[in-house]
Amino acid sequence: MKWDVAPILASSWWLPANHSEHGSGFDGLFTLILWITVGIFVLIHIVLLTSLIRHRNRPGRTKAWFIHGNNRLEIFWTIIPAIILTVVSLLSTRVWQSYHAMRDIGQPDAVRVLVIGQQFKWNVIYPGPDGQLGRYLLYPSTTDERWPDGQRFRGSNGPAALPQEKREEAINAYIEQINPLGKDLTDPLGTDDDWRNALARDLVVPVGRRVEVYLASRDVIHDFAVPLMRVKMDTIPGTIGLLTFMPTKISADEPGGAYDIVCEELCGTGHYTMRGRLVVVDNAAYERAEHVMVTP
Amino acid sequence: MSIFRAIFSADHKSVGKGYLFMGLLFFALGGGLAMLMRWHLAWPKVTDGMPMPMVGRLMNWPGGQMPPDTYNATFSLHATVMIFFVIIPLLVGAFGNFLIPLKIGATRTAFPLLGGLSLWLTLLAGMVLLAGPFLPGGAVWAGWTGYPPLSAMWGAGSSPGMSWPIVPRAMVAVAALALGMFVTLNMFPRDGWFSFITQLAIATLAAFGMVMVIERIAFDGQSAWFLSLLLVGIATVMGAINYLATILKLRCEGMTFFRLPLSVWSLLFAAILVLLATPVLSGAMVMNLMDHHRVSSFFLPANWLAESRIHPEVTGGGYGLLHQHLFWFYSHPAVYVMILPAFGMVSDILSVFARKPVFGYRAMVYAMAAITFLGFFVWAHHMFNSGMNPLLGTTFAISTMFIAVPSGIKVFNWLGTLWGGNIHFTAAMWNAIAFVSLFVIGGLSGIFLASTPVNMHLHDTYFVVAHIHYVLFGGSMFGLFAAIYFWFPKMFGRMMNEALGKIHFFASFIAFNCVFFPMHFLGTRGVPRRFYDISDIASFKDLQPLNVFITFSAFVLGIAQIPFVLNFLGSLIWGRRATANPWNVTTLEWTDAASPPAVTNFENPALVYRGPYEYNNPLVEEDFLPQSRLIK
């Protein structure tokens with residue numbers, strides 16, 4: 001067992017670097033609250049320690065003050081914290097609203113990407129040249145007459161044509177072999193989506209452009225968090241969430257050339273292994289990249 | 001048979017002591033689980049060469065290393081045990097039952113049977129929880145928040161209708177038998193061998209039925225967890241009804257509301273919170289159990305692909321966020337259930353040892369009322385990043401910020417109580433002072449988490465772990481230690497050892513801060529909580545040495561509890577005999593008999609003339625003027 005203090009002191013204890021447009025506002029708020037709370041903490045502890053020392057029981061001191069309160073003092077220390085907290089609330093609200101105002105603007109150059117969580121990997125689906133995503137996570141049910149792709153599978157036109165006890169197993173095999181993300185193949189918006197190699201690949205986005213990450217999940221709640229982008233949102237099975245940010249720096253200088261995507265919501269045994277890579281590249285490299293090509 | 005009568009007594013003092021012993025046993029268990037977790041987090045890999053001692057070999061873990069699913073079970077059980085079976089039972093169950101009638105001058109609680117029932121039902125719930133790890137599907141895995149759909153999945157190799165192994169069955173059977181014995185002995189209070197055998201037979205039959213039902217409902221660790229929370233919820237509601245009725249109806253002559261000690265006020269507010277919030281949790285647990293048995297899909301979506309397969313038996317259409325809303329609608333008020341009684345008891349203790357009236361008594365009461373009221377409007381601050389409409393976050397951020405105002409009033413009034421006092425530093429007082437200091441840190445870190453943008457970075461990181469431990473360990477647990485040192489003489493008629501008490505306090509206080517303060521830094525860096533291993537992640541691996549430091553501090557914190565255990569058990573037997581009022585307190589429980597008489601509580605009918613905090617009142621020579629003393 002080797003243990004000394006140096007590596008502890010060498011590690012950074014402060015916020016990690018921020019490489020998103022909105023993050024500086026968040027960090028500023030963090031610093032402001034830190035100063036306010038440190039001030040209050042110091043003030044309270046000065047008073048506490050002073051009274052413990054000055055008003056301790058000692059020889060010759062037998063009486064304490066007989067007072068039941070002081071209305072003026074109490075009103076003072078009700079109103080002052082209320083004012084401070086109002087200011088912090090208003091500032092928080094302002095920063096929060098301006099961050100979320102981003103997603104209402106609907107900028108035409110925004111990059112869209114669908115991220116689907118599953119135990120314990122991320123699927124990354126690009127919208128293709130049209131920039132529009134199709135529908136996903138629609139799986140065959142045991143009463144369907146046809147398989148979603150219209151082809152025959154296991155010698156049948158659809159799960160309903162199979163014997164009752166074989167349907168579930170056939171659907172599971174179909175999902176595993178043909179359509180793991182439940183893509184709706186009839187949706188015209190999705191025909192050019194790049195979805196076939198979605199499992200556990202890099203999430204590549206351009207620097208300086210709005211990124212819209214649509215969040216979904218196949219099984220349980222995951223959480224898409226990129227600490228260096230100051231973003232975090234749960235993926236709720238059955239719904240689609242939206243997370244926006246704008247990277248301000250390419251990730252080539254990072255160790256491994258990518259920002260870590262971490263799952264921050266307990267999702268099962270392999271929760272701690274569920275990580276992804278957010279690769280931020282410059283715009284030219286993004287346009288050249290293979291993943292925006294059509295893969296029919 | 002008289003021993004059974006003593007154990008299964010419905011007298012509020014026995015029930016309170018029963019809660020105390022049960023809570024402390026669970027505290028040892030929860031603490032042990034924390035030690036296992038910390039050991040693993042410091043040396044997360046087999047290659048570290050630090051396999052877990054004893055436990056690793058006993059459990060036959062590969063390389064003596066805790067597997068990830070066991071780690072998930074460990075923190076889930078740690079949190080559940082500490083919250084539902086340590087802090088709430090100790091603060092509300094032990095001290096609520098023991099203190100309320102004594103402090104308000106009542107001879108008993110309003111519903112003694114309900115009070116005892118809540119104790120024995122809590123024990124049954126605890127055994128159902130602890131049976132979980134022994135079931136075929138394995139221990140609970142979804143954390144103490146139990147978010148579906150993760151919690152709706154089935155443990156490996158388990159399915160409804162499976163029969164239980166002998167060990168968990170015996171655990172639950174013993175607790176069910178105890179519950180049955182309590183009911184039969186108190187419903188049919190008759191002595192003699194024949195009636196005893198009849199009572200035993202009825203209790204056994206009832207226990208048999210209970211075990212049958214529990215086995216049908218709980219078939220893996222997660223469903224046992226749901227059922228356990230359902231049962232413990234019912235038990236706390238029983239207790240809350242009892243406290244409310246007692247405080248509202250059984251106050252002695254002269255005991256007006258504004259002459260109640262703050263500890264009684266705080267228990268009154270805690271009871272209101274329990275009564276209004278717990279049914280929501282119980283509802284959520286029933287819904288979860290139904291989802292778990294696949295007879296409903298309140299929280300399960302259509303096209304659910306859990307364990308990489310479809311679930312045709314799930315009709316779908318459910319919404320996972322609904323569970324979070326229901327759960328936090330209970331669990332945020334539950335935080336106030338866990339802290340308000342500590343507020344009240346600490347106020348009492350600070351006033352006693354500062355020999356000075358509580359500063360701003362009425363403001364303290366109104367502040368607690370405000371916290372109780374606002375406590376119902378802040379729950380979704382746990383869900384800012386949950387996928388809930390983010391603009392809704394603003395509402396909950398503002399209500400959360402404003403709950404800091406009454407909390408601040410309380411802190412400043414405690415400072416006002418100490419200022420100008422004649423402070424006696426007993427073990428109880430040190431713990432009460434530490435409570436104030438540590439609660440301030442826990443409260444202030446709450447402001448970071450209340451701010452929606454800052455929360456986006458800190459949510460579900462170690463910052464939250466630091467925050468809850470400053471509130472629930474630094475706050476509730478230190479408040480509890482203060483209360484135990486303070487009321488032990490009244491409960492057991494003997495004094496605790498002051499020197500051991502102070503060793504316990506200082507060691508705990510220093511180690512506690514070394515464990516939990518560095519977690520703020522881990523969280524600021526973004527390290528997620530509930531993580532089995534961070535040493536592989538480029539962003540966090542430089543923090544691993546800090547994890548080792550935290551673990552060493554945690555071991556010191558664990559060892560620091562040994563003086564407390566020795567002191568508690570030793571004082572029960574060898575402690576100096578306590579006089580009626582060793583601390584010179586003004587309130588009713590101290591001013592009558594040394595040890596409260598079994599049935600009547602008071603040697604003379606209680607009568608109250610004034611408020612509870614008349615210390616150093618110039619009307620009298622001594623530095624305290626009891627509530628019950630008549631001055632001509």
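A residue is called buried if 20 or more other C-beta atoms lie within 10 Å of its own, exposed if 12 or fewer do, and partly exposed in between, with the C-beta atoms placed from the backbone. By this rule B:Arg294 is partly exposed, since 16 other C-beta atoms lie within 10 Å.

The structure is a predicted model, in which local features need pLDDT of at least 70 and side-chain atom pairs count only at pLDDT 80 or more, while totals for chains, interfaces and linings use all residues. Residues are numbered from 1 along each chain as its sequence is written, and chains are lettered from A and ligands numbered from 1 in the order in which they are written.

**Chain B as a whole**

Chain B holds 19 helices and 0 strands, where helices (H or I, at least four residues) and strands (E, at least two) are DSSP runs numbered from the N terminus. Its C-alpha atoms fill a box of roughly 80 × 65 × 50 Å along the principal axes. The radius of gyration, taken over C-alpha atoms, is compared here with a globule rule of 2.2 Å times the number of residues to the power 0.38; for 632 residues a compact globule would come near 26 Å, and the 25 Å of chain B agrees with that. Of the 632 residues in chain B, 63% are buried. Two residues are in contact if their C-beta atoms, placed from the backbone, lie within 7 Å, and among contacts in chain B between residues at least 6 apart in sequence, 81% join residues at least 24 apart.

**The side of chain B that touches chain A**

Between the two chains, 93 residues of chain B are in contact with 90 residues of chain A. Among the elements of chain B that give two or more residues to this side are α4 (68-104), α10 (320-354) and α12 (390-418), and α12(B) gives the most, with 16 residues. Ala, Val, Leu, Ile, Met, Phe, Trp, Tyr, Cys and Pro count as nonpolar, Asp, Glu, Lys and Arg as charged, and the others, Gly among them, as polar; in these classes the side of chain B that touches chain A has 58 nonpolar, 25 polar and 10 charged residues.

**A pair of helices**

Helix α6 (residues 166-187) and helix α7 (residues 193-217) of chain B pack at an angle of about 135°, with their axes 8 Å apart. Axes are lines fitted to C-alpha atoms, for helices over the stretch in contact, and angles run from 0 to 180 degrees between N-to-C directions. Angles under 35 degrees count as roughly parallel, over 145 as roughly antiparallel, 65 to 115 as roughly perpendicular and the rest as oblique, and α6(B) and α7(B) are therefore oblique to each other. The residues of this contact divide into 13 nonpolar, 4 polar and 1 charged.

**Backbone details**

Two peptide bonds are cis, and two residues other than glycine have a positive phi, as listed here.

| Site | Feature | Value |
|---|---|---|
| A:Gln119 and A:Phe120 | cis peptide bond | omega about -5° |
| B:Pro148 to B:Pro149 | cis peptide bond | omega near 5° |
| B:Arg294 | positive phi | about 60° |
| B:Glu307 | positive phi | near 55° |

A:Phe120 is found in the loop between β1 (111-118) and β2 (121-125) of chain A, whereas B:Pro149 has its place in the loop between α5 (112-131) and α6 of chain B. B:Arg294 lies in the loop between α9 (262-292) and α10 of chain B, and B:Glu307 is likewise placed in the loop between α9 and α10 of chain B. With 15 C-beta neighbours inside 10 Å, B:Glu307 counts as partly exposed.
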